[in-house]
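Trainee: Could you walk me through reading a fold, starting with the sheet and ending with a helix?

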Amino acid sequence: MNDAGSSVKDNVASYESLSWIIDHSDDGLFLVTASARMQREVARHYSDSPVAIFDYSREERPFQVGSFSRLLEREPGKRAYFFLNFQLAIPEAEDVERFNFCRDILSREKKNLVFFVNQEAHDRLNRGALDLYSYIRLFMPFA
């Protein structure tokens with residue numbers, strides 16, 4: 001069976017973690033690895049939640065703090081902000097470095113910021129943004 005119900009069942013711990021962030025966390029940076037298909041599925045799952053969902057396949061690229069702040073201003077007062085396909089915002093090493101460098105600024109937003117990347121981007125972050133990981137409160141892999 002390959003429907004949404006079986007995917008939820010296969011990824012229960014990650015879904016529970018995302019629900020905890022929405023229901024109980026006050027702020028933090030969070031990282032999710034998931035395929036593009038799984039990212040769309042997660043977005044559908046939380047579409048009726050107090051979550052702002054931004055898809056970087058439709059947003060400005062590459063990552064810039066100014067454009068990022070404008071995204072947050074579009075949806076004030078949400079419990080969490082999901083950034084799907086964030087791998088498109090950090091395609092080059094200098095984009096990864098910029099994202100790593102902005103970790104302090106991002107954490108000062110005092111919001112639940114959840115970055116969704118594919119496995120390739122996660123590997124790129126592991127190599128080029130090690131300081132960022134000290135700010136990540138929780139890592140959630142989706143199968």
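This is a predicted model: local features need pLDDT of at least 70, side-chain atom pairs count only at pLDDT 80 or more; totals for chains, interfaces and linings use all residues.

Trainee: What is the strand order in the open sheet?

Mentor: Strands (E, at least two residues) and helices (H or I, at least four) are DSSP runs, numbered from the N terminus. Two strands pair if DSSP finds at least two bridges between them. Here five strands run S2-S3-S4-S1-S5, with parallel pairing. S2 and S5 each have a single partner strand, so one side of each lacks a neighbour in the sheet.

Trainee: Which residues have the most contacts inside the largest nonpolar core?

Mentor: A nonpolar core is a set of buried Ala, Val, Leu, Ile, Met, Phe, Trp, Tyr and Cys residues joined through side-chain atoms within 4.5 Å. Buried means under 20% relative accessible area, exposed over 50%, partly exposed in between (1.4 Å probe, protein chains only). The largest core has 26 residues, and Phe-63, Phe-83, Phe-86 and Phe-115 have the most contacts inside it.

Trainee: Which residues of H7 are buried?

Mentor: In H7 (residues 119-128), they are Ala-121, His-122, Arg-124 and Leu-125. Take directions from the helix axis to the C-beta atoms: the buried residues fall within an arc of 160°, so they line one face of H7. On the other side, Glu-120 and Arg-127 are exposed.

How values were computed. Residues are numbered from 1 along each chain as its sequence is written. Side-chain values use heavy atoms; hydrogens and water are left out.
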